[in-house]
Structure formats: C-alpha cells, structure tokens
Amino acid sequence: MIVRLACGALQGVDAFRVDLEVDFLRKGMPAFVMVGLAEGAVREAKERVFAAMRSCGFTLPAARITVNLAPADRRKAGSAYDLPLAVALLGAAGVLPAERLEGWFLAGELSLSGAIKPVPGVLPLGMLARNEGAKGIVTAPENASEAALVKGLPAYGPATLDEAVRFLMGECELTPAEPPVSDEDPARGILDFADVKGQEHAIEIAAAGAHNLLLIGPPGSGKTMLAKRIPSILPPLEPDEALEVTKIYSVAGMLGGKGLVSERPFREPHHTVSDVALVGGGAYPRPGEVSLAHRGVLFLDELPEYGKNTLDVLRQPLEGGTVTVSRSAHSVTFPADCMLVAAMNPCPCGYATDPRHTCVCSPGLIRRYRARLSGPLLDRIDLFVEVAALEFGELARRAPSEPSSVIKGRVDRAR
C-alpha cells in the first residue's frame with residue numbers, strides 16, 4: 001500500500017512542497033530504503049521514528065518499506081521529516097486510515113520517547129501550507145503558535161506522536177494555537193537620545209533617509225553610544241516588512257516562541273566574525289548577520305579591525321539588498337536590505353583628531369590603517385561623520401537633548 005503525505009523543505013527563507021511517499025510491501029525480505037536526495041539528519045530519521053513508535057505503543061509488521069521524498073532532485077535536510085514519516089508509516093501499515101491524512105501538513109522532530117520537538121522554519125512552512133489550501137498544519141507545541149501567525153491556517157501542537165495520531169483519527173480534539181502575544185513593553189531596553197549631547201543631527205539625517213553611515217572619531221567620543229540609539233528613532237516595521245523579518249528569524253531558529261517581529265532589528269557582530277557568518281552560507285546555507293539585520297541596522301564597530309575579505313563580501317548586499325549563496329547543486333537567496341552603521345578611529349592609536357591627546361602614529365601607518373577599507377566598500381557609504389570628543393565642561397553646559405520620541409516623529413514624517 002502506498003501512502004502520500006504533504007510536508008515541506010526550506011530553500012532560503014521560503015519553503016517548497018515535499019510529498020513523502022511510503023510503499024509498505026509485506027512480501028519479500030524486510031528492509032527500509034529512503035530515496036529522494038535526503039541528507040544525513042533525514043536518513044537518520046528511521047532510528048528516531050521507530051523508537052518513538054515503540055515508546056507510544058505502535059508496532060509495525062515486518063515489511064519492505066520504501067520511502068520517497070519528491071521532488072527527488074531537490075535536497076532535503078533537517079529533522080522536520082520525523083513526524084510526517086512516522087504518521088505516513090502508520091498510515092501505510094493500516095494503523096491510521098490513509099484518507100485521514102489528506103490535506104494536512106506535518107512538521108516536527110521526534111524524540112525517542114515519542115515527544116514532538118520544535119524545528120526551525122515553521123513560519124514559511126505554514127505559509128506554504130496555506131497557499132496549498134491545506135486543512136491545517138500539525139507540528140510541535142512550541143512551533144504551533146509560530147505557525148498560527150499565518151492567517152487562515154489552523155495550527156495544532158500535539159505533545160506526542162500518540163496524541164498526533166489520535167487527533168488525525170478524530171479520537172481527540174486539539175484547540176488551534178493562537179499567535180503569541182508579548183506582554184513586554186516594546187520600548188523597554190531601547191536606549192534614548194536624551195542621554196546624548198552633540199552629534200544627534202547627523203544620526204537623524206541618516207535615519208531619515210536610511211543612509212549608510214560611518215562615524216569617525218577618537219575613543220570616548222560617543223560613536224558606539226550614538227549607533228546603539230538609532231533603533232529608537234526608526235519607524236516601526238510595516239506588516240509585510242515584519243513578516244519578512246520574522247521569516248528570516250524563523251529559518252534561523254531564533255524566533256524563540258515570540259510573535260511577529262515588530263521592531264527593526266539591530267545586529268552587532270564582533271570584528272572576528274567570518275565572511276560566512278556575516279553574509280550567510282555553510283554546508284546547509286543559513287542567513288548571516290546582514291540578513292538578520294534585514295529592514296534594520298547592521299552595526300560594525302572598529303570597522304578596520306574586520307578582515308578585509310570579510311568586509312568586501314558586503315559589497316553586493318549593500319548594493320542589491322540580497323545575498324545569493326551558490327553551491328554546486330543549488331543556490332539560495334536571502335534578503336539583506338539593511339542600514340549599515342560603522343564606527344572607526346582616525347588612526348591606530350585613535351587620537352589623530354583629538355586635540356587633548358598626541359597622536360603617535362606615522363603618516364605611513366595611518367595610510368596603511370585606512371587602506372584596510374577598500375574603495376568600493378567606502379563608495380557604498382553615504383555619510384561620513386567626524387565625531388569630536390567633547391570636554392567635560394562643554395558637556396555640562398549643554399542643554400538637555402531631545403528624547404528619541406521627538407526625533408522619531410521627524411524621521412517618520414521624512415520617510
């Protein structure tokens with residue numbers, strides 16, 4: 001008997017349909033064969049699935065089992081196929097009526113005890129299920145609220161394989177999950193420009209036009225302080241932008257049970273970050289820091305300390321707003337439309353423009369320091385702002401600065 005079940009695979013931040021087919025033949029020597037370009041974690045699903053079924057009291061008769069993941073020419077990776085494989089095996093063995101499986105999308109990892117565990121990328125899988133006209137999606141309890149962000153798609157989160165089977169057979173009822181609602185104040189933890197004295201006008205111009213910005217100044221002049229307050233004056237994400245950002249964080253496994261991302265992201269990778277971690281990639285391509293900062297701010301402090309090759313891979317994302325990671329068999333594209341904010345010292349010792357300190361760097365040393373930044377990269381930066389260090393007396397005499405809420409109003413009108 002052949003049973004077909006719908007699930008999905010990720011490609012970039014989107015999902016495509018995968019039909020999991022199980023042929024359960026009770027003649028011949030018992031065997032288990034999986035085909036369809038399955039990667040390591042998918043092939044290992046056999047051991048997890050059979051242990052989970054035993055733990056839940058399900059036994060299968062001896063048979064020759066063939067599992068096909070169609071389309072067979074596209075790579076499948078991850079552990080999200082555990083739950084659909086277990087349910088399809090039970091359907092093919094006659095434990096679960098095959099007609100009960102029609103119209104459902106399933107995704108989830110199984111533990112050896114039969115518990116359903118969360119997997120990354122459930123939001124794009126839910127969007128795929130809705131577009132395919134599915135009855136609903138069955139996944140882990142931790143993922144169900146994430147899938148519920150997709151309007152018009154019921155999402156169910158059974159705790160165990162046994163509960164999922166009884167739900168599909170109609171023997172028990174599950175309440176559709178609701179989208180998570182955060183009770184936290186969105187402004188909590190956001191730094192305010194009321195703490196800043198001086199330099200805020202340049203930041204306001206950059207935020208109003210979403211311009212890439214480079215802050216140059218000696219240590220202690222407030223470059224990092226200014227950069228970290230930029231999110232407080234940016235407008236909130238539009239609904240379609242919020243969905244884009246949430247999909248990226250879902251695929252990266254960084255949603256953490258939270259709802260739709262409503263605040264613009266702020267990413268601050270260390271200067272030892274690799275080029276793959278910055279723009280994305282790896283054996284199983286994942287979004288990098290520039291994609292995690294999509295629709296928000298990517299802050300690179302101490303810019304010349306980053307590797308030259310690492311910085312140069314930012315040229316294409318800053319120009320086109322996307323990152324394409326190509327491999328021999330496939331390529332994926334991640335969105336990467338972010339505002340670059342960088343900070344650097346004017347010289348290796350940091351005091352070339354500081355009248356209070358004497359610079360000890362030779363002209364040649366300063367040229368070599370600044371040459372770490374390539375011309376094409378600097379060409380993609382719109383504003384270069386020299387941040388001067390203020391004396392304590394001047395800071396004390398200055399009037400209180402405008403709060404971020406006032407500046408944000410002007411930025412919103414400019415946008």
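Student: Is His-294 buried or exposed?
Tutor: His-294 is buried, because its relative accessible area is 3%, where buried means under 20% relative accessible area, exposed over 50%, and partly exposed in between, with a 1.4 Å probe and protein chains only. This is a predicted model, in which local features need pLDDT of at least 70 and side-chain atom pairs count only at pLDDT 80 or more, while totals for chains, interfaces and linings use all residues. Residues are numbered from 1 along each chain as its sequence is written, and side-chain values use heavy atoms, with hydrogens and water left out.

Student: Where does His-294 lie?
Tutor: His-294 lies in the loop between helix 11 (289-292) and strand 12 (297-300); helices (H or I, at least four residues) and strands (E, at least two) are DSSP runs numbered from the N terminus.

Student: And what does His-294 touch?
Tutor: Not counting residues up to four places away in sequence, His-294 touches Glu-244, Val-245, Ile-248, Pro-265, Pro-335, Ala-336, Asp-337 and Cys-338, contact being heavy atoms within 4.5 Å. A polar atom of the His-294 side chain also lies 2.9 Å from the backbone nitrogen of Asp-337.

Student: Switching topic, which side chain makes a polar contact with that of Glu-204?
Tutor: The side chain of Arg-410 does, at 2.7 Å; a polar contact is a pair of N or O atoms within 3.5 Å, where within protein one must be able to donate a hydrogen and the other to accept it, and residues adjacent in sequence count only if both atoms are side-chain atoms. Glu-204 is found in helix 7 (residues 200-209) and counts as buried because its relative accessibility is 15%.

Student: What about Ser-79, which side chain is its polar partner?
Tutor: The side chain of Ser-79 makes a polar contact with that of Glu-109, at 2.7 Å. Ser-79 lies in the loop between strand 4 (64-70) and helix 3 (82-92), and it counts as buried at 17% relative accessibility.

Student: Which residues of helix 6 are buried?
Tutor: In helix 6 (residues 161-168), Leu-161, Ala-164, Val-165, Phe-167 and Leu-168 are buried. They are on the same side of helix 6 because they cover an arc of only 160 degrees around the axis, the arc being that of the directions from the helix axis to the C-beta atoms.

Student: Which residues touch the most other members of the largest nonpolar core?
Tutor: Of its 49 residues, Val-22, Leu-83, Leu-85, Val-87, Leu-161 and Leu-168 do; a nonpolar core is a set of buried Ala, Val, Leu, Ile, Met, Phe, Trp, Tyr and Cys residues joined through side-chain atoms within 4.5 Å. Helix 3 gives the most to this core, with eight residues. Apart from it lies another core, of 37 residues, among them Leu-214, Val-245, Leu-311 and Ile-381.

Student: Last one: what is the strand order in the open sheet of five strands?
Tutor: The order is 11-12-15-10-16, with parallel pairing, and two strands pair if DSSP finds at least two bridges between them. Strand 11 (266-267) and strand 16 (383-386) stand at the edges, each with a single partner strand, so one side of each is left without a neighbour in the sheet.
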